[in-house]
Amino acid sequence: MTSSDSSRPAPQPTDVPVEADAGQRFWHKGPQDTLPPPDMMGPYMRNHPVTTPVAGRKAWIIGSGIAGMAAAFYMIRDGRMKGEDITILDTMSIAGGSLDGAGNPEEGYLIRGGREMNWNYDNFWDLFQDVQALELPKGYSVLDEYRLVNDQDPNWSKARLMHQQGQIRDFSTLGLSRSHQLEIIKLLLKRKEDLDDITIEDYFSSSFLETNFWYLWRSMFAFENWQSLLEMKLYMHRFLDAIDGLTDMSALVFPKYNQYDSFVVPLMRHLKEQGVQVRFGTRATDLDLVEEGGRRTVTGIHCKVEGRPELIPVGPADVVFALTGSMTEGTAYGDMDTVPVLARGNEEPGEDSDWMLWKNLAKKSPVFGKPEKFYGNVAGSMWESATLTCRPSPLVDRLKELSVNDPYSGKTVTGGIITFTDSNWVLSFTCNRQPHFPTQPKDVLVLWVYALLMDKEGNYVKKPMPQCTGREVLAELCHHLGIADQLDAVAAQTQVRLALMPYITAQFMPRAAGDRPHVVPQGCTNLALLGQFVETSNDIIFTMEASVRTARIGVYTLLGLRKQVPDISPTQYDIRNLLKGARALNNNEPFPGERLLHRVLGKSYFAHILPPLPDRDESLKERAEAELVALLGKGSQALGVASGWLDRWREGLQRRGR
């Protein structure tokens, strides 16, 4: 399309698969494959496509969370659109969506949730390596700042699991029996297509759900037993490279401050400097669609602005990006003396909900999915968090005993959440680097507490968590820390703010193919859907990386850019990660066959891929032969053949090395 032709949307290239899928087929290099492998990462993927912007094109983005902001970023950086042609619409009065962080030391700070971060969030870091850092001088990026913090202050935990009112539970291994390990291996081998609507508790044995692994996993990622087995499988592939750091959380990296100040503030500043417009107090409720010959084109956005209806016309060359669903929509708040009052029904969110846009789209065509699969069971998707603003007290004294560094040092404190495995609520708490807010006073600490089970009475407070005031939640925490007898002294120095979120794990609810729409649904010419409730090839949800991925796919597709969004990092296929993952699953002991690998590869170029053995070298042969007996059977002819072959192989390697 030429710059003067603005009567229709730009044509989309048919020879460039914008959303790569490494699991679709075997990739083999040939002259027809000009693109690199579908899951390749690195500088070669940093190209900026040459494009001619469409004259008069406007972009409308519904939702100012990380997905909406990322869409604006990529339209400017890679699509060469002008910032002033991009408008973000948001129901709230502040940007960031679920990435929040606010408050003050007098009334208390509030953080509804947090995000664990990983090195291989490739789309997320692609974005933030081009955004000016929050505090470093001009020319340094958010990524630069993030690396500076984490390279100098590595994360780990010395009290990841606790029980018995303040005792640290042994979390040095994942605590998996051979049968539990087999359950995980079988799950990793299963096809995604075979796991529609199956829950975690449908698949795993009841004893598996009491292991260290499951307490570590469910509390870190917020999985419930009744939620999607498919999503758990995808998480295991996504974080396979980090499984040996799951116990002590050394696999994680965290920002210096809360997620709002760390990511939303610098990114929104970047966008506004480019001229992007933001309209708060605007709830989008529906889209006008014209369908012709299987092609669906948005022609208008129905909104409510301060309760009044408004229609935003969408031109033929314009593009629309819409958030579907919301994890934090309908949050009910409480404080030290107030119980949160939930305004959402268990099955229907109501007319004033952020789910209405998706609901109305789904009525128009099956390509927009089934939102009711996600919003229709609040009892199954809800949990509650509490933010504690603490001045010196017995709680702070107890925290110091459980922390990696002094909480006031500015370095890693608990190294992530600490989970009480005998808590009826499955209660966890964490203290991240302090100060957690840039203007936080030096004598104030901000802690975050959350629980998974909302229908169980507490061990100390005989109520479900949603029926508790902030003081009662504090009492339950103090009980599990072994300081319930000092509750009054703690409460006098602590402010508690509560957030009860009806849809916080709605994205994990059991689902089947077609329940979530694709980023660009079939036939849509100028509409992309963003966030945690859309389908991507192999990525997981409940991460900032997933949100950025959806935005990037949408921008490249709608703007017709010759650029590919790679599949998730190929670390899940790396033999080194598979080997160390097998060792971790086997409770840090050599897995069956591992000594045989050492016997074969121990003197070769590939020896470095093997985790070190705990055995003395002189016992390796005997132990390797014992593994052969276990694998092949004592006295079998194959055993003798294999043993002789191993000896000859090893002798050959030694001769070559002389």
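## A buried charge cluster

Let's start with arginine 77, which counts as buried at 11% relative accessibility (buried means under 20% relative accessible area, exposed over 50% and partly exposed in between, with a 1.4 Å probe and protein chains only). This is a predicted model, where local features need pLDDT of at least 70 and side-chain atom pairs count only at pLDDT 80 or more, while totals for chains, interfaces and linings use all residues. Numbering runs from 1 along each chain as its sequence is written, and side-chain values use heavy atoms, with hydrogens and water left out.

Arginine 77 meets aspartate 126 in a salt bridge, 3.1 Å from N to O (a side-chain nitrogen of Lys or Arg within 4 Å of a carboxyl oxygen of Asp or Glu). The two sit 49 residues apart, in distant parts of the chain: arginine 77 in helix α1 (residues 66-77), aspartate 126 in helix α2 (residues 122-128). Helices here are DSSP runs of H or I with at least four residues, strands are runs of E with at least two, and numbering goes from the N terminus. Aspartate 126 is buried too, with a relative accessible area of 5%.

Aspartate 126 also has a salt bridge with arginine 552, where the closest N and O atoms are 3.5 Å apart. That pair spans 426 residues, with arginine 552 in helix α15 (residues 544-558) and aspartate 126 in helix α2. Both arginine 552 and aspartate 126 are buried. Through shared partners, salt bridges tie Arg46, Arg77, Asp78, Asp126, Asp130 and Arg552 into one network.

## Salt bridges elsewhere

The count comes to 38 salt bridges. One of them pairs glutamate 472 with lysine 463, and its closest N and O atoms are 2.8 Å apart. Lysine 463 is partly exposed, at 29% relative accessibility.

## Nonpolar cores

The largest nonpolar core holds 173 residues, and Phe213 and Ile301 touch the most other members. (A core is a set of buried Ala, Val, Leu, Ile, Met, Phe, Trp, Tyr and Cys residues joined through side-chain atoms within 4.5 Å.) Helix α1 gives the most to this core, with 10 residues.

What does isoleucine 301 touch? Leaving out residues up to four places away in sequence, its contacts include Trp60, Ile62, Leu89, Leu287, Leu311, Val314 and Val320, along with Asp286 and Glu310; contact means heavy atoms within 4.5 Å. There's also a second, separate core of six residues, among them Leu579, Phe591, Ile609 and Leu610.

## Enclosed space

The model has five cavities of 30 Å³ or more. On a 1 Å grid over the protein atoms alone, a cavity is a set of points where a 1.4 Å probe fits but cannot get out, and lining residues have an atom within 4 Å of a point. Points are joined across faces, edges and corners, and a volume is the space filled by probe spheres set on them.

The largest cavity has a volume of about 560 Å³. It has 35 lining residues, and Gly113, Gly114, Arg115, Glu116 and Phe254 are the closest to its centre. β16 provides the largest share of that lining, four residues. By class, the lining has 22 nonpolar, 11 polar and two charged residues (Ala, Val, Leu, Ile, Met, Phe, Trp, Tyr, Cys and Pro count as nonpolar, Asp, Glu, Lys and Arg as charged, and the others, Gly among them, as polar).

The second largest cavity has a volume of about 110 Å³. Its lining residues include Leu134, Tyr146, Lys256 and Phe263. Helices α3 (142-152) and α8 are the elements that give two or more residues here, and α3 has the largest share, four residues. The class tally for this lining is seven nonpolar, one polar and three charged residues.

Notes:
On a 1 Å grid over the protein atoms alone, a cavity is a set of points where a 1.4 Å probe fits but cannot get out, and a pocket is an open set with protein on both sides within 12 Å along at least five of seven lines; lining residues have an atom within 4 Å of a point.
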